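Dear colleague,

Please find below the structure that I am handing over to you.

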Amino acid sequence: MHKAHRTTNLSTIAVAALVGGVAGAVVGLMFAPKSGKELRKGIYKKADDAIEHVEDVTSYHAGAIKQQGTDLVGKGKQLAEDLQTFIQESLKMRKSGYIPINIAKDEPTEDSLQAELEIDSPILVPEIPLQEE
């Protein structure tokens with residue numbers, strides 16, 4: 001008996017929803033400010049405007065992405081050329097036995113540190129004996 005009561009409630013709800021939907025559609029059409037033909041034209045116009053806008057934005061972004069890709073390819077080619085030059089120079093130096101020592105101007109040397117700190121003698125570090133096991 002419980003199932004019959006439940007089925008009746010579901011069917012009543014379904015019928016009420018259907019009737020309410022139809023009544024709402026009829027009332028909406030009766031009080032619509034535009035005719036159906038005008039309403040469809042407005043919808044088509046808005047859809048066309050939206051599509052045109054999407055096409056414009058898409059083509060703009062596609063152009064920007066294409067330009068960025070071109071820039072990245074150029075940078076990649078330059079990086080590959082620089083790396084190839086570096087490797088070739090390194091191999092030439094290795095074959096010749098030349099070992100370059102590069103001291104950048106920003107890196108302090110021992111002489112510049114002593115002059116800067118006005119130290120006349122080097123700092124002595126005491127030797128620590130190793131523990132034998």
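Asp49 and Lys45 are about one helical turn apart, because four residues separate them in helix α2; helices here are DSSP runs of H or I with at least four residues, numbered from the N terminus. An α-helix has 3.6 residues a turn, so residues three or four places apart point the same way.

The model is predicted, so local features need pLDDT of at least 70 and side-chain atom pairs pLDDT 80 or more, while totals for chains, interfaces and linings use all residues. Residues are numbered from 1 along each chain as its sequence is written, and side-chain values use heavy atoms, without hydrogens and water.

Asp49 and Lys45 form a salt bridge, with 3.2 Å between their closest N and O atoms. The term denotes a side-chain nitrogen of Lys or Arg within 4 Å of a carboxyl oxygen of Asp or Glu. One salt bridge is found in a search of the whole structure. Asp49 has a relative accessible area of 35% and is partly exposed, that is, between the limits for buried (under 20%) and exposed (over 50%), using a 1.4 Å probe and protein chains only.

Helix α2 covers residues 36-96. Its 61 residues reach 89 Å from first to last C-alpha, close to the 90 Å expected at 1.5 Å a residue, the expected span being 1.5 Å times one less than the number of residues.

Conventions: Helix = DSSP H or I, 4+ residues; strand = E, 2+ residues; numbered from the N terminus.
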